[in-house]
Amino acid sequence: LMTLTLAGNHSLADPQSKSFSNWQLGQQTSGTYTIAAREVTRLPAYQSNGNLSEVLIEHLSEKITVKADGRICGTQQVSSMRASEGYLKVKLSYLCPNTSETIEIANHALFNVAASHIHFAKFEINTQGIDERLYTRRQLSHQFSLGDNSVTVGQNSLDIFATYIQFGFEHILIGFDHIAFLLT
């Protein structure tokens, strides 16, 4: 086991697929989505179109939806942004009705091609507060209340803690290097 652990190559090292986003919620809802470029090569569209940015923009346009009070908000912009080397970054903008009480962000990107994919999202709600959420194949959408100029989050601390414990346990089980470390 020790030899396998020490001789490990990149294919054994942390197979976790990850992406990140930062959102500003309100009438003008927008966000930035960041992912390692290598993750985009998993998408079926990459086989027919080798341009990673174009593939990611098309994929996110189809797989991320924003709803206000249950109605889909209009997409204003989905465009590529400058990112760190080895990463891609996309700006997403949506126009929602001014009187919206709730905003829901659904993220179906990459979960169908990478079962262990995890998405870390940070939300700024009407410039009043920050909320962080985790998207997994079991949790594909989050809803936020915007009414009465107060921020209401949909998860309590215990639910968030339980989600991270479950994710951590699953993450250990999917990586040979993690199991080897525990056995060692």
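Two strands are taken to pair if DSSP finds at least two bridges between them; helices (H or I, at least four residues) and strands (E, at least two) are DSSP runs, numbered from the N terminus. The structure is a predicted model, in which local features need pLDDT of at least 70 and side-chain atom pairs count only at pLDDT 80 or more, while totals for chains, interfaces and linings use all residues. Residues are numbered from 1 along each chain as its sequence is written, and side-chain values use heavy atoms, with hydrogens and water left out.

Six strands form an open sheet with mixed pairing, in the order β5-β6-β2-β1-β8-β9. Its edge strands, β5 and β9 (129-135), each pair on one side only. On average, neighbouring strands of the sheet are turned by 15° against each other, direction ignored; axes are lines fitted to C-alpha atoms, for helices over the stretch in contact, and angles run from 0 to 180 degrees between N-to-C directions. Strand β8 (residues 118-125) runs antiparallel to β9 and is joined to β9 by seven bridges. Ala121 stands opposite Arg133 in β9.

Helix α4 packs on this sheet, touching β2, β5 and β6, and its direction makes about 35° with that of β6. Contact here means heavy atoms within 4.5 Å. The helix comprises twelve residues (52-63) and should span 16 Å at 1.5 Å a residue; its end C-alpha atoms are 16 Å apart, which agrees. The expected span is 1.5 Å times one less than the number of residues. At the start of α4, a side-chain oxygen of Asn51 comes to within 3.1 Å of the backbone nitrogen of Ser53.

Val55, Leu56, Ile57, His59 and Leu60 are the buried residues of α4, where buried means under 20% relative accessible area, exposed over 50%, and partly exposed in between (1.4 Å probe, protein chains only). These buried residues pack against β2 (28-36), α2 (37-40), α3 (45-48), β3 (64-68), β5 (74-81) and β6 (87-95).

One disulfide is counted, a disulfide being a pair of cysteine sulfur atoms within 2.5 Å. It joins Cys73 to Cys96, with an S to S distance of 2.1 Å. The link of Cys73 and Cys96 is right-handed, with 115° about the S-S bond. Cys73 lies in the loop between β4 (71-72) and β5, and Cys96 in the loop between β6 and β7 (102-107), so the pair ties together parts that are 23 residues apart in sequence. Cys73 counts as buried at 4% relative accessibility, and Cys96 is buried with a relative accessible area of 3%.

Technical notes
A polar contact is a pair of N or O atoms within 3.5 Å; within protein, one must be able to donate a hydrogen and the other to accept it, and residues adjacent in sequence count only if both atoms are side-chain atoms.
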